[in-house]
Every structure is written in C-alpha cells, then in structure tokens.
2 protein chains.
Amino acid sequence: MNIDNNLILPEPTLRRLPWYLAYVEILKSAGTEYVSSTQISRALSVDASQIAKDLSFLNIKGKTRIGYEVETLIEALSDFLGFTRSHKAYVFGAGSLGKALIRDSGLSNYGLEIVAGFDVNPDTIARKDLGVPIYHIDQIYDVMETNPASIAILTVPAQSAQECADTAISAGVKAIWNFSPYRVKVAEGVVMANTSIYAHLALIFNRLEANKHRN
Amino acid sequence: MNIDNNLILPEPTLRRLPWYLAYVEILKSAGTEYVSSTQISRALSVDASQIAKDLSFLNIKGKTRIGYEVETLIEALSDFLGFTRSHKAYVFGAGSLGKALIRDSGLSNYGLEIVAGFDVNPDTIARKDLGVPIYHIDQIYDVMETNPASIAILTVPAQSAQECADTAISAGVKAIWNFSPYRVKVAEGVVMANTSIYAHLALIFNRLEANKHRN
C-alpha cells in the first residue's frame, strides 16, 4: 500500500481510528459488505465529515452511494495503525497487571508481541509458565542483544517507574508505555504513552459523587 | 474534612492529582516530612502555580517556606480522590484482562472493590479460584439485589461492549469503565470513562515509525 509511514498523525485521529476498526469488524462478522461514513457516524456519534477526514489519511476511496468495502477498510485501518506488523515489547514488573498483559493474547492481535518480562522478585523470575522468560532487571543489556525489543511496558510500582524507564532507554528501548501512577519523564525522541488507570478511577469516583448530590 | 463533594473537578486536574499523590507517597517512603509546590513542580514538570491551583481544591494549606506536610497531603489527596472509600464494581468479561483486574489487589488500595464478575463461558462461571463469584450475565438483576455495585468494568470483546453496558445500566449500574475498543454510548447521567489501550498502541506505533524515518 502506498502510505507515507513518516506521517505523524494527530492524537485525536489516532484515538478515533481504532473505534472505526472495532465497528467495521463487528459489521464484517455480521456479514455486511459495505459501510458509509454516515453509517459509522450514526453508530459512533462522530461527525461524518470528521470520519471522511480521518479516513483520508488512509489512501482509501469509498464508492459513491455505496461507501467503503468493509473488508478493504479493515485491512487498510489495521495496516495503517500498525496492528498487522509485529512490535516487540518487554514488560517491566510481572505483578498482576504485568502478567495479564504478558498472557493477554488480545494484544498480539494488535501487533504487540511481548517477548520478555523483567522483575526483581526471584520467585517471579523463576516462573516458566508465563509463555515468555522473566529476567532480573540487571540482565536487560544481555537480553537486548539476544532478544531485542523497542517498547517497554511499565507495570511497576510508582517508586520504581522512573528508574525502570531510564534503564530500559539506556538499554536501547525507543518507547515507554506507562501504566504506573508516576509521571515518568523521558528525553526528547523517546516515545511516551500514559495509560492513566488511577486518573480514570479518580474521574469515575468524582463524577459518581457529583451525580449523587445532583439527583 | 470540610470538602464539597458536590464539586465536578476539571479532567486535567483529576489527571494531575494522582501524579502528586504518587510522588508524595514516594517522598514519604523516603522519610521526607515536608514538600513544597516548587519541589513537586520540578519532579513532575508541572507549573508550580498550576500545582497550587490544583491543590487549592483540597482545603489544605502549606506553611510558608516549608510547604505541605507530606503525611497530611497524602491523606487529603487520597480522601479527595475517593481512594479511601470503597466503590463496588462488577467486571464484565472474565478473560485475561478481566481476571487480572479481579485479582489485582492494587486497585483495592485505590478504592475500587470488585465484588463479582460476569461472563458467558460456563467454564469461567464455574471457577472458584478468582476471589469473587463469576455469574452468567443473565443473573445480573438477582446479583444486583444481593451483592450490588455501582460501576461496570467492560473487558468484553468489541461486539459485546454496547449490549453489556446497556444491561449493566438497566440493572442499576451508574458508571461504565470501558476497556474494550468499541465506543460505547450511554445516556446522560451515566458516568463514562474510556481506557483506550488500542488507541495508545496506535499512538506508540505511529510515533515509533515516524521517529525511525526522522533519524
């Protein structure tokens, strides 16, 4: 496909494209062959012109009055979002969430291949049942040579998050995906994504409390 | 504490407050007794005046030249964010991520108490080793009477997400925390939070690719 991979997409577009993909995948499993941006718009409450604009990044054309071919749209979206290519990752902190991410085959369907875990707990490091090897964090430089990865997923406690990120980056990792509540800082040029579970909890609790007083 | 719980906090403030909490908890474990907003500012790269403004929601006063008492600040932040009160939740979809959230004692330290899971797989429903009972989704109305909860955590596949949310809301749930890639819609008055794992993956892949071409 003739796509400019050098393109830095705006974050809101990157947030919406996976919604479209999830929706058209549902249509496909229901046997639907074509979908219009109006139809996506109604299902997801996103402006139809916004959808057309987002999809224009993909070099894919819909047919007048029929819309996009579902199969082609799924392929184009998956490919464009990088979900069809393998991106290797390490998980730092093989606690409950870390182990779940290692085991969660769902992520590998989206192009994330977890190739190793790192921990400091000897019992965790000794485990052979997680599908990938778990190493002591001190071994990262060796592991990077034999079993390299470009993404570090942080599921460590807050107090270890910055140190883990620094170690991972100095070993050659190019992106940090932070699930810890600590605000990790990285040098320019290192990719940083925060999945702020605790902020979302705080948001839910705050809005629930506010609604309680309103009703 | 004399806090107006009826206050709807801005989302950016709700995103930053957990950062401050994580940071001052680290200070506490290091034996530090006082912290200034300048110090928090330097550690987290957040403007000091922004920090003072965020903390002004808490009815907590720092001392001139000394700053905030670490212990008091932790208590005030945890209490204000709702992390010290129990909020009951159901997990819908006891797959890998669902099971991890059920088992993850970390969340209970932040005020989220998962009291039951729902699934459609008979093998999963029969499991007794997850710490909470797993029910068939059809039983939700009965479970809501004997073991009620106000939050539904969705870790189901995209095609089941909307239906699960609708069922949970009709059974009396007041908030939806969506981990599925589908964009779930809810009526006004229902709290909605999306943890967009797939959007974050797309962001990481896009930025990695762009950096590769830049270097």
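Predicted model: local features only at pLDDT ≥ 70, side-chain atom pairs only at ≥ 80, totals over all residues.

Helices (H or I, at least four residues) and strands (E, at least two) are DSSP runs, numbered from the N terminus.

Residues are numbered from 1 along each chain as its sequence is written, chains are lettered from A and ligands numbered from 1 in the order in which they are written, and side-chain values use heavy atoms, with hydrogens and water left out.

**One chain at a glance**

Chain A has ten helices and eight strands. Its C-alpha atoms fill a box of roughly 60 × 55 × 35 Å along the principal axes. Of the 215 residues in chain A, 53% are buried (buried means under 20% relative accessible area, exposed over 50%, and partly exposed in between, with a 1.4 Å probe and protein chains only). Contact means heavy atoms within 4.5 Å; among contacts in chain A between residues at least 6 apart in sequence, 60% join residues at least 24 apart.

**How the two chains meet**

How many residues does each chain bring to the contact? Chain A gives 65 residues and chain B gives 65 residues. The area buried between them is about 6,300 Å², with 69% of it from carbon and sulfur atoms; buried area is the accessible area (1.4 Å probe) that two parts lose on being put together, summed over both. R183(B), I204(B) and F205(B) supply 11% of the area that chain B buries against chain A, more than any other three residues.

Between chain B and chain A there are zero salt bridges (a side-chain nitrogen of Lys or Arg within 4 Å of a carboxyl oxygen of Asp or Glu).

Several elements of chain B give two or more residues to the side that touches chain A, including helix 1 (11-29), helix 9 (158-170) and strand 7 (175-178). Helix 10 of chain B gives the largest share of that side, 17 residues. The residues on this side of chain B divide into 38 nonpolar, 16 polar and eleven charged. Here Ala, Val, Leu, Ile, Met, Phe, Trp, Tyr, Cys and Pro count as nonpolar, Asp, Glu, Lys and Arg as charged, and the others, Gly among them, as polar.

A rotation of 180° with 0.0 Å of shift along its axis superposes chain B on chain A, with an RMSD of 0.0 Å. That is the relation of a two-fold axis. The superposition is by least squares on the C-alpha atoms of residues with pLDDT of at least 70 in both copies. The copies meet through the same surface, because 100% of the interface residues of chain B are also interface residues in chain A.

**Around the axis**

Which residue of chain B comes closest to the rotation axis? A100(B) does, with its C-alpha at 2.8 Å. A100(B) is one of the buried residues of helix 5 of chain B, a helix in which six of the eight residues are buried.

T155(B) sits in the loop between strand 6 (151-154) and helix 9 of chain B. T155(B) is in contact with residues including L97(B), G98(B) and L101(B), leaving aside neighbours within four places in sequence. A polar atom of the T155(B) side chain lies 2.6 Å from the backbone oxygen of G93(B).

| Residue | Relative accessible area | Class |
|---|---|---|
| T155(B) | 16% | buried |
| A48(B) | 27% | partly exposed |
| S45(A) | 46% | partly exposed |
| R65(A) | 87% | exposed |

Most residues other than glycine have a negative phi. S45(A), in the loop between helix 2 (37-44) and helix 3 (48-56) of chain A, has a positive phi near 55°. R65(A) has a positive phi of about 70° and lies in the loop between helix 3 and strand 2 (68-69) of chain A.

Notes:
Polar contact = N/O pair within 3.5 Å; in protein donor to acceptor, adjacent residues only side chain to side chain.
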